Amino acid sequence: MEIPSSALLLHSSIVEDPLTSMRGSSGISISKNWILTHGTALSSIVNKSHALSTFLTNITAGELTIVPKTLASQLKFRVYRDPSVDSNGRPKILEHIGGVAAAWTCPLLKKTFDDFFETWNFSKSSDYDDRFLRSMFLLVRVELDVSIVEIPAIEQELSCLLSHALRNPTRGSFVEIESTPLGYPVFIGSIARGVISNVVGDDGCVIMTDAHAFPGGEGGPIYVIPPDCKRRIISAMVIAPLSWCREEWVDYTFGANLAPCLISILEKNASRLRPSITDRENANEALDRSVVLVRSGISWGTGVLIDKDTGTFLTCSHVVSEAPEREISIVMGTNNSNSRVRAKLVYRTSENQPYDVAVLRVNPRDVDPSLRSVRLTDTPIVKGEPVISVGFPFSSRIRPTVSSGVISKSMDCALLTTCCSPSGTSGGPIISRITGEMLGMVVCTALSMDGTVVYPRISLAVPVTALSEPLREYLRTDNPDVLQALTCNDAIVRKIWNFYPYLPSKL
């Protein structure tokens, strides 16, 4: 079996020239005769047929279901793979005919979307059909009669795909998405790159990545690129290229982690094939060892361990704005319900005041032994340096989420990065991929001039160079008065942090 690649599927009801149509979906080419795609490939037609809608909604989760012959004519697709160019350099797209032979609803995805993503939206319309199709996989048979397909043949194809799938994708791994943006055939095989930002849900069935995907990319493969960069290992399938959390646009792509999803349907081999969680957890420890969750009232943010011996943490002032009325607590590990400890507010800058910094302290005996103090950089921060951000933008119940980017602008008083930093990331570190040192602390993202649009990839951070001297003096003297130096009254710095005359900040 060749390494699975991407494909494009256009429903047979589309009669326009395929070179101008923009209503297709992506898929994973498992073999010459089989394509695996996502249930949203049917979102444009499911409401037009009561029989089709009834069939799909009645599929039992975890049960591989053959499509009845009576629906075969409604589930035909034109399939495009391996685009080339003609003698004039114009796109030459080879077309095949295929039909949906089987479908199944993944119980792991269903439970995860019902529980963890209950309050999320994945399209502006966000109707019922989109919700139940989000946990569904479709198997399309190409150039062969779908009426004679049998379950054992399908299980064999899925087993072959599973044999190529990465079992334990880890946060921070480089990934590549291959899909057809907007479903436009000329764009077939387009790629985007980023990192795995988090792995969540039952058996880690959902992958978050900061690699860009667009509508039409649903069903496309997500590959992990090993450090040697010599090959790609298929890991996941795009299931949601757009999402909104707490009414805020989230610039992450969500994918179905193929290994646990395939194992859940291949139940006969489940005990032998189930991936080990231990290896994944060990690989992730490096990303978590200096980062904690900070809670104050009903809100939360991210904190960084500055000094383990004294229990000193750094976060944003706005994260603890409800103190002292509301108690501040630090959660040392999201997997341990007993890890929450009370924190003392040592100092914080005033509202709307650069640098939006707060210093917290806990009893050193309460610091989780697995945590370690972050290393603050003492070298100049260079524009273009590759970095990652680490924080808790979505939930207090999962491990930190990471995003890759670069330092897009470096100033003495501010860093601009391309990391994706939605609400909840505030207080989290910007870490150099080269040295592993902390370069800055995430404070906010940018807003449009009218305040209606948040740009999660315009991330503003306080550089360590503006924080390190007051922090080191405080750790040396244990005198909180020296932290007054963290408050900056410079008019130029204030103007920069208010994005005047450009974009207003969240300060």
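How many of the six residues of strand β10 are buried? Five of the six are buried, so that β10 (residues 174–179) is mostly covered; buried means under 20% relative accessible area, exposed over 50%, and partly exposed in between, with a 1.4 Å probe and protein chains only. The structure is a predicted model, in which local features need pLDDT of at least 70 and side-chain atom pairs count only at pLDDT 80 or more, while totals for chains, interfaces and linings use all residues. Residues are numbered from 1 along each chain as its sequence is written, and side-chain values use heavy atoms, with hydrogens and water left out.

Strands (E, at least two residues) are DSSP runs numbered from the N terminus, and two strands pair if DSSP finds at least two bridges between them. Strand β10 is joined by six bridges to β11 (residues 190–200), and the two run antiparallel. Three bridges join β10 to β13, again in antiparallel fashion. E176 takes part in both pairings: it stands opposite R193 in β11, and its bridge partner in β13 is Y223. In a regular strand the side chains alternate between the two faces of the sheet.

A closed barrel of six strands runs in the order β24-β25-β26-β29-β28-β27, with antiparallel pairing. Neighbouring strands of this sheet are turned by 45° against each other on average, direction ignored; the axes are lines fitted to C-alpha atoms, and angles run from 0 to 180 degrees between N-to-C directions. I431 has M438 in β28 as its bridge partner.

Two loop residues were also examined. P364 lies in the loop between β23 (358–361) and β24 (386–391). P364 counts as partly exposed because its relative accessibility is 38%. Apart from neighbours within four places in sequence, P364 is in contact (heavy atoms within 4.5 Å) with K308, D309, T310 and G311. The C-alpha atoms of P364 and D307 are 9.3 Å apart, although 57 residues separate the two in sequence.

F214 is placed in the loop between β12 (206–209) and β13 (221–224). With a relative accessibility of 45%, F214 also counts as partly exposed. Together with L182, V186 and F187, F214 forms a nonpolar patch on the surface, with about 320 Å² of accessible area in total.

Notes:
Helices (H or I, at least four residues) and strands (E, at least two) are DSSP runs, numbered from the N terminus. Patches are made of residues with over 30% relative accessible area and no salt bridge: like charges are joined within 9 Å, nonpolar side chains (Val, Leu, Ile, Met, Phe, Trp, Tyr) within 5 Å. Accessible areas come from the Shrake-Rupley method with a 1.4 Å probe; for residues, only the protein chains shown count as cover. A salt bridge is a side-chain nitrogen of Lys or Arg within 4 Å of a carboxyl oxygen of Asp or Glu.
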